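Okay, thanks for coming, everyone.

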Amino acid sequence: MTDLHRQLALLYEVQQLDVKAIGIHRHTQSVPQEIKKLETELADFGQRVEAKKIEIQESEKKQRSISGELELLTEQRNKLTMQMRSVKTNKEYEALDKEIEFLDQKEMELEDTILELLERVDQLNEELKEATVELERQQTEQLNRKKEYAAERTELTKNMRSMGQQRKEICQHLDHKILSQYENWVKRRQDTFVAPMRDGACGHCQMKLPPQLAGEIPKTQEILRCPVCRRVLFFISCD
Ligand SMILES: [Zn+2]
């Protein structure tokens, strides 16, 4: 006759393997999501860098167009200055003077705008330099994370395979009835089924068992459960 406690101890080994396999499965599923999230962040960051490049180009274009306007103003002013030489009346002179004054004012405003644009471009270039370095750093990090994950996955797949083999071997020594009881419980509850009794306490929830139950467990060949967490308890003596 097969000893129930020996059977439950084997089942406990199967359960440990299953818990580990579920953990690995969860982990291998969560990493791609993490990588995907990082990828989205990286793409956003790349877009911000591109936006900066575009702003620089536009500022430089605007600056060129204002420089063109300034050249036209200078030409206009030169013309007016020439005209001034040949004016006959005070009235004509004053009118020209006013026009020149207006052009001077306009020129000053445009020069201010150019200065502002130059400063903005300088600042943007500085920001772009920093952002590019950061982007490259993040891209390298992302690439390393992917490589790490691929290596980890290979290792975990290997572990899973050997764990599967181990499980198969243990199950050959297991009573089918107990095994299917375990599998049904796990399917229904998504939780563990069996726990060892240690120092008179449940090895799952750590609750101290009533002395009568604790005394009965090592002797019985019947399935007894922890009154608190409902785990099936077994006892294997250490000697
Ligand atoms: Zn318990």
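So, α2: its 83 residues should span 123 Å at 1.5 Å a residue, and its end C-alpha atoms are 119 Å apart, which agrees. That expected span is 1.5 Å times one less than the number of residues. Helices here are DSSP runs of H or I with at least four residues, strands are runs of E with at least two, and both are numbered from the N terminus.

Keep in mind that this is a predicted model: local features need pLDDT of at least 70, side-chain atom pairs count only at pLDDT 80 or more, and totals for chains, interfaces and linings use all residues. Residues are numbered from 1 along each chain as its sequence is written.

Now, how many residues of α2 are buried? Zero, so α2 lies largely in the open.

Next, α1, residues 4–85: 82 residues reaching 122 Å from first C-alpha to last, close to the 122 Å expected. This helix does have buried residues, including His5, Leu8 and Tyr12. What covers them includes α2, α3, β1 and β3.

Zooming out, the chain has four helices and three strands, running α-α-α-β-β-α-β from the N terminus. The C-alpha atoms fill a box of roughly 135 × 35 × 30 Å along the principal axes. And of the 239 residues in the chain, 9% count as buried.

Definitions and conventions: Buried ≥ 20, exposed ≤ 12 C-beta atoms within 10 Å, placed from the backbone. Contact = placed C-beta atoms within 7 Å.
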